[in-house]
Amino acid sequence: MAQNAQSKPTACLALADGTLFYGAGFGATGQTEAELCFNTAMTGYQEIMTDPSYAGQIVTFTFPHIGNVGVNPDDDETGDPVAAGMVVKWDPTEPSNWRATEELKSWLERRGRIAIGGVDTRRLTRAIRQQGAPHVALAHDPNGNFDIEALIRAARNFVGLEGMDLAKDVTCAQSYRWDEMRWAWPDGYSRQEDPIHKVVALDFGAKRNILRCLASAGCDVTVLPATATAEEVLAHDPDGLFLSNGPGDPAATGEYAVPMIKEVLEKTDLPVFGICLGHQMLALALGGQTVKMNHGHHGANHPVKDLETGKVEITSMNHGFAVDAQSLPDGVIETHRSLFDGSNCGIRVTDRPVYSVQYHPEASPGPQDSFYLFERFTAAMAERKA
């Protein structure tokens, strides 16, 4: 048991196996149950907490300085935090950054997200690596009163992410247009006023910066809900189809998304580009399979090898499921592979511009190692029109 000896604990993290971690609670009060993962990124905690791919998960940050740059509206990847909670080693410090508009603590409290500090995150990370992503319950009570048996029972009763379709919970309610481009000094975000290609983006839990990268690459982006049909996609007469990131089990979301993708591939020769869950959806539509990983990949320092060029990219990742490269059918090849564990990180169809990657090229790891993927997408649309 890791306990904060400085004062009476005001937060408790209970694992389903009965292990308890005590610490100092901050953010919202109450209790939440989720799968626990760890993220090794040194920056971007706000983007991580607002990434829809983290639905159903509590994030343990291995980097201790969480909260040091505060938060600001520009860095939200979606309207509200989606991750269920956060676990950090040190209590967040006062923010010191010219872009900060609010402290992390008040931001979490206002947004209804529970956090715990003063935890031995190294020990917790080792446990996740060795035993797999555990089911947990996190409680924050300023008075430090916890029903431990009830917390452990709540952790054990969490159903887990396998078989869960979470995309429907984080997708947009209706279609919308997107024209905001990537942030650039000194003007910040600007608008795409002269787009070249019409793109339909399927929102399985899309990060805003992915849409910005598409707009910056010259795309007129129309975002559709995850449940959109092939008929609804093609009604927009797009030049290309984009499949976004998102949370949950790809096989569950694939119940409705895979038939749509298959129909688009059968009826058209549109270029198709997928990221993260979109990558897994595409693989399923092409005849591949996905598997649940032991503890997933969550961080901004993951080396991935492009098997076709030999180039190694430093990538940002956030996924708990992976495409089984051995299941890919003829005509679909593996293009990228993790140098950490050899898992699949990219595929493409050999005879048409249909491809996807497991990692996040929009998240600026490297920092620009992977932007070529957006340029490849627009080049394929330009070639098709020519």
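User: What should I know about the model before reading it?

Analyst: The model is predicted, so local features need pLDDT of at least 70 and side-chain atom pairs count only at pLDDT 80 or more, while totals for chains, interfaces and linings use all residues. Residues are numbered from 1 along each chain as its sequence is written, and side-chain values use heavy atoms, with hydrogens and water left out.

User: Is His279 buried or exposed?

Analyst: Buried means under 20% relative accessible area, exposed over 50%, and partly exposed in between, with a 1.4 Å probe and protein chains only. His279 is buried, at a relative accessible area of 0%. Beyond its neighbours within four places in sequence, the residues in contact with His279 (heavy atoms within 4.5 Å) include Val323, Cys345 and Gln358.

User: How many residues are in the largest nonpolar core?

Analyst: In soluble globular proteins, nonpolar side chains tend to be buried together. A nonpolar core is a set of buried Ala, Val, Leu, Ile, Met, Phe, Trp, Tyr and Cys residues joined through side-chain atoms within 4.5 Å. Here the largest one has 31 residues, and Leu202, Phe204 and Val233 are among those with the most contacts inside it. A second, separate core of 29 residues includes Cys172 and Met381.
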